[in-house]
Amino acid sequence: MKRRMRVGSALVMLYFSVLLISISPVTAQRRRGGRYGGEEEYRRDERSSACRRLQRLSAHEPSESESLRSEGGTFELSNPEDNEELECAGVAFFRKTIERGAMSLPQYPNAPVLLYVNRGEGRLGIVFPGCPETYREDESSFQGRSRRRSSERRRGEEDEEDSSQKVRRIRRGDVIAIFAGAAYWCYNDGNEPLQIVAIADTSNPQNQGHRNYRPHPLAGQGSLSRRRHEEELGEGEEGRESRGNVFAGFSTRTLAESLDVELETARRLQQNQRSQRFARVERGRRLSLPAPRSRSRSPYERQRERDDVAGGLHQYNSSSASENGMEELVCALRVRHNADNPQDADVYVRDGGRMNIVNRYKLHVLKYLRLGAERVVLRPRAMSVPWWRMNAHSIMYVTRGEGRVEVVGDEGRNMFNGRLREGQFIVIPQFYAVVREAGDEGMEWITFTTSDLSLRSSLAGRNSVLKAMPEEVVRAAYRIDQNEAQQVMRNRERDTLILPASSTRSSRRYNQADIIQGVQVE
């Protein structure tokens, strides 16, 4: 009898062990807001409904939800609640312009953000908990807590100088990744306005709150979207809430106690905040910030970073990652890559233009944010081949010039056929085919993608889907003769994703030296 009881107990324990092992991945995935999470499934259903409702696409200005001009800068925002196309893509789009000698006040976003510096230069600080507070250098790797502590002990009490986390020099063409909840600020110390455009991935699992982009100010006053502002106007004076930074919501005594400062100092933090989003540095004064020292990274460091991303971020997504391990991983990652470098182009066509792709292979932190970018420069009258993205939505913002854009949706519907000019953006949903043709002055744009490794399939060029099919299939599918099928399949077989101007295309003879083909993966 005892033996039977022992066997029965063992079988019960084995059963529950197998049960726990089988459900633990699902439970962990739910905690992380992964594909099993109800919230993410609900948001995905919302986005799918918004995509199905689309009848036409439009060119947009980035100011449909909010347009704020404050002391030192301008902020323009388009949120998903005010733009059905952005709701389909699950992102918000914003543009901020910081005037000379001004700064964008510290804030932390409610969703992962991917920035692109469209004009000017300046300094950017991103604060992540646990990273060193002693500024090393812009490209230095994280040295670990032990080395930092030993250095602090050597300095002792004599170290009273200002210290901070990394302060980066940013310039035109930089793509910058910012984690959800990571505080950041920006200062324009250049000779022209600093303009930044960006998307916030509000549908990302890192954002478990509001579906719109809502940056939380650490300084200055808060601001309202147009819709919320109209709601408060309708509520009257009693319904309005005071808008301030995070400190303003605490009681003065609690804030003073938690910071160990005088009550008057705490009161200043709460009430001395007249600016919204921006502040101008006092006339004749410049912020004294650590000067970044640039250096090239060795192949060993680049490989180590790739290994850290491959292993470390996977560990971070599981409950087994240690706090210190995450700190060392995040603090060492590069968050910036310049997409405006012709020598780094993935596709280059003489007389046609170039394409710089920023994905998780070039900026490894994007593997965690699930975002990517693509910088394209088309020369006058050049065009891109028609293609569709297989695993991502895209948001195209024209940075210079103008051109014609055609977008085709499901069932062959023409969703957009018009001109896009500098300062406008358009949302191109997943699986929608698109072709662009530059105007007389050329056209340049930055495209944000909702995948860190988006794939595209083209209808023309060297990697055309038609070229990869048997000729008999093409003839039967389109009811064309052999000569026409060969023309459709072969006339562009030496072209890449970019085609030169039509006069050049019809007159020149191509050779391999004219074209440098980059990767097909974004």
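**Figure 1. Asp 260, out in the open between two helices.** In this predicted model, Asp 260 is exposed, with a relative accessible area of 70%. Asp 260 sits in the loop that links helix 6 to helix 7. For background, most residues other than glycine have a negative phi.

**Figure 2. Helix 6 against helix 7.** Here are the two helices on either side of the Asp 260 loop. The axes of helix 6 (residues 252-259) and helix 7 (residues 263-271) come within 8 Å and cross at roughly 110°. Angles of 65 to 115 degrees count as roughly perpendicular, and helix 6 and helix 7 are therefore roughly perpendicular to each other. Their crossing is right-handed. Helix 6 brings Thr 252, Arg 253, Leu 255, Ala 256 and Leu 259 to the contact, while helix 7 brings Leu 263, Ala 266, Arg 267, Leu 269 and Gln 270. Sorted by class, the residues of this contact come out as six nonpolar, two polar and two charged.

**Figure 3. Helix 11 against helix 12.** What angle do the axes of helix 11 and helix 12 make where they cross? Roughly 110°, with the axes of helix 11 (residues 471-478) and helix 12 (residues 482-490) coming within 9 Å. Helix 11 and helix 12 are therefore roughly perpendicular to each other, and helix 11 passes helix 12 in a right-handed crossing. On the helix 11 side the contact is made by Glu 471, Val 474 and Arg 475; on the helix 12 side, by Gln 482, Ala 485, Gln 486 and Met 489. The contact of helix 11 with helix 12 has three nonpolar, two polar and two charged residues.

**Figure 4. Inside the largest nonpolar core.** This core holds 52 residues, and Phe 93, Phe 94, Leu 114 and Tyr 213 are the ones that touch the most other members. Strand 10 (residues 194-200) gives the largest share, six residues. There's also a second, separate core of 33 residues, with Leu 54, Val 349, Ile 428 and Trp 445 among its members. As a rule, nonpolar side chains in soluble globular proteins tend to be buried together. Zooming back out, 48% of the chain's 522 residues count as buried.

**Figure 5. Phe 93 and its neighbours.** Leaving aside residues up to four places away in sequence, Phe 93 touches Pro 62, Glu 76, Leu 77, Ser 78 and Leu 86, among others. Its contacts also include Val 197, Ala 198 and Ile 199. Across the chain, 76% of contacts between residues at least 6 apart in sequence join residues at least 24 apart.

**Figure 6. Val 91, in a loop but tucked away.** Is Val 91 buried or exposed? Val 91 is buried, with a relative accessible area of 0%, and it lies in the loop between helix 3 (84-89) and strand 3 (92-98). Beyond residues up to four places away in sequence, Val 91 touches Pro 80, Leu 86, Ile 199, Ala 200, Asp 201, Thr 202, Ile 395 and Thr 450. Val 91 and Pro 80 are 11 residues apart along the chain, and their C-alpha atoms are separated by 6.6 Å.

**Figure 7. Arg 211 and its contacts.** Arg 211 is found in the loop between strand 10 and strand 11, and at 32% relative accessibility it counts as partly exposed. Not counting residues up to four places away in sequence, Arg 211 touches Glu 46, Pro 80, Glu 81, Glu 87 and Thr 202. Two of those names, Pro 80 and Thr 202, also turn up in the contacts of Val 91. Look for Asn 79 as well: Arg 211 and Asn 79 are 132 residues apart in sequence but 8.7 Å apart in space, C-alpha to C-alpha.

Figure 8. Asp 351 has a positive phi of about 65° although it is not a glycine. Asp 351 lies in the loop between strand 14 (347-349) and strand 15 (353-358), where it is partly exposed, with a relative accessible area of 33%. Gly 220 belongs to the loop between strand 11 (216-217) and helix 5 (226-239), and Gly 220 is buried, with a relative accessible area of 1%. Gly 220 and Gln 271 lie 51 residues apart in sequence and 9.0 Å apart in space, C-alpha to C-alpha.

How values were computed
Residues are numbered from 1 along each chain as its sequence is written. This is a predicted model: local features need pLDDT of at least 70, side-chain atom pairs count only at pLDDT 80 or more; totals for chains, interfaces and linings use all residues. Side-chain values use heavy atoms; hydrogens and water are left out. Axes are lines fitted to C-alpha atoms, for helices over the stretch in contact, and angles run from 0 to 180 degrees between N-to-C directions. Helices (H or I, at least four residues) and strands (E, at least two) are DSSP runs, numbered from the N terminus. Angles under 35 degrees count as roughly parallel, over 145 as roughly antiparallel, 65 to 115 as roughly perpendicular and the rest as oblique. A crossing is left-handed if the near helix is turned anticlockwise from the far one by less than a right angle, and right-handed if clockwise. Contact means heavy atoms within 4.5 Å. Ala, Val, Leu, Ile, Met, Phe, Trp, Tyr, Cys and Pro count as nonpolar, Asp, Glu, Lys and Arg as charged, and the others, Gly among them, as polar. A nonpolar core is a set of buried Ala, Val, Leu, Ile, Met, Phe, Trp, Tyr and Cys residues joined through side-chain atoms within 4.5 Å. Buried means under 20% relative accessible area, exposed over 50%, partly exposed in between (1.4 Å probe, protein chains only).
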